[in-house]
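Thanks, everyone. Let's get the structure up on the screen and walk through it.

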Amino acid sequence: MNSEILLQLAGGLGLFLFGMTLMSEGIEKAAGAKLRGILEMFTKNRFMGMLVGIVFTGIIQSSSACTVMVVSFVNSGLMNLYQAAGVIFGANIGTTITSQLVSFNLSKIAPLFVLAGVVLVMFCKNENIKKLGDIILGFGILFMGLSLMSGAMSGMRDSEEVVNLFASLKNPLLAILLGVVVTGIIQSSSVTVSIILLMANQGLLELPICLYIILGCNIGACATALIASLAGKKDAKRAAMIHLLFNVIGTVLLFVILQVACDPVVSMIQSISGGNNGRFVANAHTIIKVFQVIVLFPFSNLIVKLTYLLVPGDDKKIGYRDSFTLKYIGNKVVFNPATAVVEVINEVERMAELAGENLNRAMNALITLDEEDINEVYEVEKNINFLNHAITNYLVKINQTTLPIEDLKSIGALFHVVNDIERVGDHAENVADNARTRKEGNITISKEAQKELGEILDMVNTIYRYSVEMFAHNKEEYMQSIISLEEKIDEKERELQRAHVERLTRNECSPEAGMIFSDIVSGLERVADHATNIAFAIMTQEEENED
């Protein structure tokens, strides 16, 4: 086998890998947010989760990407392990669509796809159309790579040494190991099965041994999710383990069946493949996966329970009040571009709860003059500042990755929301400063003033809660209530300031107490403004997405 054939084979493999990556990333960027929404919505039971897994993986052409996304969902608490099992089972069927496409040789029209993709990428300004161009371009490059590899393998067929080398591969266990190693290195079973398909087409591999290599490919495909889960929590590791157990148990079952009835199985698959070796490999890949799902799906709960034995223990529980700790983003989180923004929103919601609680703690300290509460306000404010910097830095980091287009447009809104929440924290600290001033100066606030502060605080708490709910959970039904409350709070602030001036003129309030009262009422009104900004951030984002 000469160097020219090796170079052609390497170049073809490079184009194939690049085309598949370009196509998968293009789909994730163009439709990643919508696909994520579907994944969240239709995975409440295992059967629906399996169907979604099939469709999702079939669209993005990568079971590894789907599984890593599921691991990320489990890691951030958006999906439990029983829901994840259904999606992972479905992803294993969906991944066979790639080999089915490859078996229909589209190499002759691949240049048309490349040309169409290049035109869309180079001459269209709309980002969504550009991503469509990436998908079409990736599809064309993928098949051009296949064409190159097929040509190289045609030349390899003339090499006696190469033919003898592949002919000597008769040991089923060695074939499975080969599939595991090659797929683990390439990190894509679709690529490895496509190579097997081409080699079978050229007569370089015998059909029975192809079945064993495919079994090994299925196990090797688990490497991506396992590696991604290493940095994650226990449940993330368990989700990746579900994928591994599914393929290992399925491989053992089929290995036993093939040892007993290999010839009938090969004959059955050949009969439905019309004697085409490439179609044989593609159909074998699909049949193996469907068989594994049919057999193992009823036992998915037991597989999930088994992961608890293999990955024992629990993670340290992180509450929203834990200091200087990130719960949803950071080193202990599986990073996936398609779920990164969802995790940020969870972390921002946690920060918002912390700031809202701190404001109420400070208001309570203003009345009770409890030194412990005053000190805790300052400590919590340090934690809010930490979260502000950590989340902002994370947003800068993910803004430089391949996020879905819709998520990319939301980054600006998230920066503003984090800033508004941080300002709410500052107002809580300002109230604590006033509480300390009042305590040190022995300043009295009248019962009437305390009652008025309680009234405006209740209104501010309501608008703040509505705004955070609307931001974090898309509850747009709160919008009208928020607008109405914001107007009422503005009017309430003016009313309280007038009442405060009247008390001062009647000498019912000391100037020092009056300054504190006025400062806090103004601060609470500004908190309401920040809450409104948080709510409107999501509306601004949606308008940008529509544009």
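A charge counts as sitting over a ring if NZ of Lys or CZ of Arg is within 6 Å of the ring centre and within 35 degrees of the ring normal. Keep that in mind for the first contact. Arginine 503 lies over the face of phenylalanine 517, at 5.1 Å from the ring centre. And a reminder before I go on: this is a predicted model.

Now the ring pairs. How many aromatic pairs does the structure hold? There are 7. Take phenylalanine 89 with phenylalanine 297, an edge-to-face pair. Their centres are 6.2 Å apart, with 70° between the planes. Phenylalanine 89 lies in helix 4, residues 81-94, and phenylalanine 297 sits in the loop between helix 14 (277-296) and helix 15 (300-310), so this pair ties together parts that are 208 residues apart in sequence. Phenylalanine 89 is buried, because its relative accessible area is 0%. Phenylalanine 297 comes in at 17%, so it counts as buried too, with the cut-off at under 20%. Ring pairs also bring in Phe246, giving a cluster of Phe89, Phe246 and Phe297.

Next pair. For phenylalanine 113 and phenylalanine 139, the ring centres are 4.9 Å apart and the planes are at 70°, so this one is edge-to-face. Phenylalanine 113 is in helix 6, residues 110-123, and phenylalanine 139 is in helix 7, residues 127-156. They are 26 residues apart, and the pair links distant parts of the chain. Buried or partly exposed? Phenylalanine 113 has 27% relative accessibility, so it counts as partly exposed. Phenylalanine 139 has 14%, so it is buried.

On to the nonpolar cores. In soluble globular proteins, nonpolar side chains tend to be buried together. The largest nonpolar core here has 68 residues. Which members touch the most others? Val344, Ile391, Ile398, Ile421 and Tyr464. The elements giving two or more residues are helix 16 (337-368), helix 17 (371-398), helix 18 (405-441), helix 19 (447-473), helix 20 (479-505) and helix 21 (511-546). Helix 16 gives the most, with 13 residues.

Zoom in on isoleucine 421. Setting aside neighbours within four places in sequence, isoleucine 421 contacts Val348, Met351, Ala352, Ala355, Tyr464 and Ile534. There is also a second, separate core, with 44 residues. Its members include Phe16, Ala175, Ile176 and Ile214.

Now helix 10, which spans residues 189-201. Serine 189 has a relative accessibility of 4%, so it counts as buried. Threonine 192 also counts as buried, because its relative accessibility is 4%. What do they touch, leaving aside neighbours within four places in sequence? For serine 189, the contacts are Ser63, Thr95, Thr183, Cys217 and Ala221. For threonine 192, they are Val182, Thr183, Ile186 and Cys217.

Last stop: proline 208, in helix 11, residues 207-220. At 28% relative accessibility, proline 208 is classed as partly exposed. Not counting residues up to four places away in sequence, it touches Cys262 and Val266. Proline 208 and cysteine 262 are 54 residues apart in sequence, yet 7.0 Å apart in space, C-alpha to C-alpha.

That's the tour. Over to you for questions.

Methods:
Residues are numbered from 1 along each chain as its sequence is written. This is a predicted model: local features need pLDDT of at least 70, side-chain atom pairs count only at pLDDT 80 or more; totals for chains, interfaces and linings use all residues. Side-chain values use heavy atoms; hydrogens and water are left out. Helices (H or I, at least four residues) and strands (E, at least two) are DSSP runs, numbered from the N terminus. Buried means under 20% relative accessible area, exposed over 50%, partly exposed in between (1.4 Å probe, protein chains only). Contact means heavy atoms within 4.5 Å. Rings of Phe, Tyr and Trp (its six-membered ring) pair if their centres lie within 6.5 Å; planes under 30 degrees apart count as stacked, over 60 as edge-to-face and the rest as tilted. A nonpolar core is a set of buried Ala, Val, Leu, Ile, Met, Phe, Trp, Tyr and Cys residues joined through side-chain atoms within 4.5 Å.
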